[in-house]
Amino acid sequence: MANLGRLVRSRPFLQTVITDYVKCVVYSKQDELLSKKIHHRAFSDYPSAFKEALEKPEDFWSAAAANIDWIKKWDNVLDTKNSPFTRWFVGGELNTCYNALDRHIKQGRGDQAAIIYDSPVTKSTKTITYKGLLKQVQDFAGALKALGVNKGDKVLIYMPMIPEAIVAMLACARIGAIHSLVFGGFAARELSTRIAHAEPKVIVSANCGVEPTRTVPYKPMLDEALKIINYKPNKCIIFNRDNFDKAVLNKGQDIDWNDAVALGKPADCVPVAAVDPLYILYTSGTTGIPKAVVRPSGGHAVALSWSISNVYGMKPGQVWWAASDLGWVVGHSFITYAPLIHGLTTVLYEGKPVGTPDPGAFFRVIQQHQVSAMFVAPTALRAIRAEDEEGSFAKPYLPLDKFEALFVAGEHCDHETMHWIQELIKKPILDNWWQTETGWPMTATCRGLAMNLYPLPGTTGKPVPGWNVKVLRANGEETNPGELGQIYVKEPLPPGFMSTMYKNEKMFAETYFTKLPGHYDTMDSGIRDKDGYISVLSRSDDVINVAGHRLSCGSIEEAILECLDVVEAAVVGVPDKLKGSVPLGLCVLKHGCHHTEDSIKQEVIKQVRTLIGPVAAFKMVVIVPKLPKTRSGKVARNTIAALAAGKPFKIPVTIDDPTVYPAIQERLQAIGYAQGKLNVQT
């Protein structure tokens with residue numbers, strides 16, 4: 001409460017909006033009944049929930065599992081005999097699709113919107129009810145069965161951000177098939193590696209994806225991918241989007257979506273063991289061995305049901321929007337499964353934060369669809385701020401009358417961006433931290449557990465109940481408050497955590513559990529404050545050793561962003577003969593900045609020396625037009641570091657705009673780095 005009091009005094013607007021996070025919401029009688037069911041054995045506060053999850057994990061998660069409909073109850077809640085291959089709800093059987101659709105319709109929610117599809121790139125919107133979505137899923141599940149897909153078979157989904165992608169996911173879950181959703185932006189070679197590794201019986205794709213300035217042909221890339229490899233699926237089901245050129249189907253290999261549906265009959269739910277996979281999700285590029293997370297069905301359903309309620313504070317019947325891509329873990333967990341399992345309406349957005357058509361797009365979606373809470377990457381907010389610092393495009397949609405909270409995750413959210421968006425929308429802005437491997441947040445401000453909704457900026461919250469998060473030194477000792485360390489999670493890992501790596505249990509154990517036995521290595525670095533809040537500052541390989549001092553790139557970036565003219569920053573370590581390595585800062589300026597580049601560089605250096613200290617040895621700043629970022633919003637710092645050092649590197653296929661590299665090289669060459677030809681591996 002002391003933190004809240006200080007922030008209220010420093011931010012007067014909070015005095016008028018502080019009731020936002022304690023106000024009551026009126027629900028229909030149906031919503032009340034379902035809410036009571038889902039809040040079965042709910043904890044009223046964070047400390048008691050965290051304590052029980054830590055000390056009595058079997059009791060805690062058994063109670064949480066009561067919010068899921070089971071076909072057969074488990075024999076054992078927790079099995080740790082083969083650590084680190086922890087298993088939850090052993091002997092239990094369920095069906096995830098049933099929990100996401102059928103049960104809500106039986107409870108009278110069939111006419112509620114399940115999906116609101118909003119596509120500014122095609123200038124269209126569409127609402128699909130729970131009843132309507134179930135019909136589509138039943139029909140497509142029948143199509144998969146007619147093409148030979150059975151329980152345990154793999155189905156690879158290579159689709160744009162359209163409702164049919166969610167239909168395909170749920171259809172797989174309905175019949176016990178394992179889906180592997182591949183990000184729609186991958187080109188043929190990346191796609192081919194995933195097909196060869198997953199060995200899907202059927203591939204589901206579309207004629208095209210749509211970007212703000214172009215149409216992306218999916219079918220030709222799929223055809224090329226299948227030419228590269230020896231493996232061939234039974235069939236490729238192709239969905240042809242209206243108002244775009246139809247895909248050319250290959251005889252014997254391809255079948256139109258509607259024709260496939262006509263082959264089968266509506267499919268019923270198939271019981272699936274709790275420990276069986278729901279999906280596999282690739283987490284890295286194709287250099288070396290493919291790395292695919294395996295998500296267990298039972299723990300996944302329980303964890304997402306619990307977290308969407310207790311972490312994000314959502315109640316059945318509300319509208320939720322996760323502004324991500326279905327191909328990332330956020331799309332799996334919080335566009336598709338968690339919202340539907342919890343009886344929410346989920347927004348599926350096919351657009352960008354800026355340019356579709358302007359920086360007001362996100363605010364328009366929130367207001368138009370009466371969104372209650374949203375999940376977004378900080379990079380999207382920085383992009384909006386860079387284009388519209390004054391919020392002119394947002395103001396026509398303000399105040400956001402139904403909106404309650406904005407959640408940010410994906411990478412470090414600097415406090416300048418956090419303050420900017422908070423001042424603009426006057427709602428709680430809550431950071432949280434998690435990974436593809438974990439499936440749901442490890443640290444957060446749990447809105448459903450009566451936590452302070454205005455924590456000090458810069459933290460990602462406290463460890464979420466179930467996650468025994470530790471910040472440790474290299475020798476395994478806990479760090480002091482404020483001391484940079486490696487972040488681990490002590491076993492047992494909670495439900496929803498990956499069960500293994502697909503086709504590679506050895507990789508799973510050696511990658512994540514050998515550095516400190518009994519602990520999951522998150523490969524992130526950060527600090528813990530005296531109150532237990534965690535600040536995740538950077539990946540462990542983004543910690544720079546400057547003359548023996550370990551410095552976080554994230555903390556230096558935070559200092560740089562104190563400069564009012566800088567809207568984005570990336571810091572990497574570059575070789576130095578005297579100190580081993582030194583930090584190099586790349587800065588993107590706000591539109592309309594009137595100061596000279598030299599004066600801004602001097603201000604940046606001054607800020608870092610003031611906030612970090614001379615120990616950072618920070619003297620090099622370059623101004624660049626853009627940073628290389630993935631479509632999920634993460635800055636590709638490793639490629640910047642390789643470019644600066646003159647080393648060969650591979651531009652990740654997920655980079656949104658690869659043309660930024662020549663411009664960055666030109667600026668780096670002016671200060672003596674990135675010499676020679678742009679050395680990109682093919």
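1. Ile-612 sits in the loop that joins α19 (597–611) to β32 (620–623), where helices (H or I, at least four residues) and strands (E, at least two) are DSSP runs, numbered from the N terminus. This is a predicted model, in which local features need pLDDT of at least 70 and side-chain atom pairs count only at pLDDT 80 or more, while totals for chains, interfaces and linings use all residues. Residues are numbered from 1 along each chain as its sequence is written, and side-chain values use heavy atoms, with hydrogens and water left out.

2. Ile-612 is partly exposed, at a relative accessible area of 24% (buried is under 20%, exposed over 50%, partly exposed in between, with a 1.4 Å probe and protein chains only). Leaving aside residues up to four places away in sequence, Ile-612 touches Leu-551, Ser-555, Ile-556, Ala-559 and Gln-607, contact being heavy atoms within 4.5 Å.

3. An open sheet of three strands runs in the order β30-β31-β32 with mixed pairing, two strands being paired if DSSP finds at least two bridges between them. Its edge strands, β30 (566–576) and β32, each pair on one side only. Between β30 and β31 (residues 580–589) the pairing is antiparallel and extends over ten bridges, with Val-574 opposite Val-582 in β31.

4. The buried residues of helix α17 (residues 505–512) are Met-507, Phe-508 and Tyr-512. Among the elements that cover these buried residues are β25 (500–501) and β26 (519–528).
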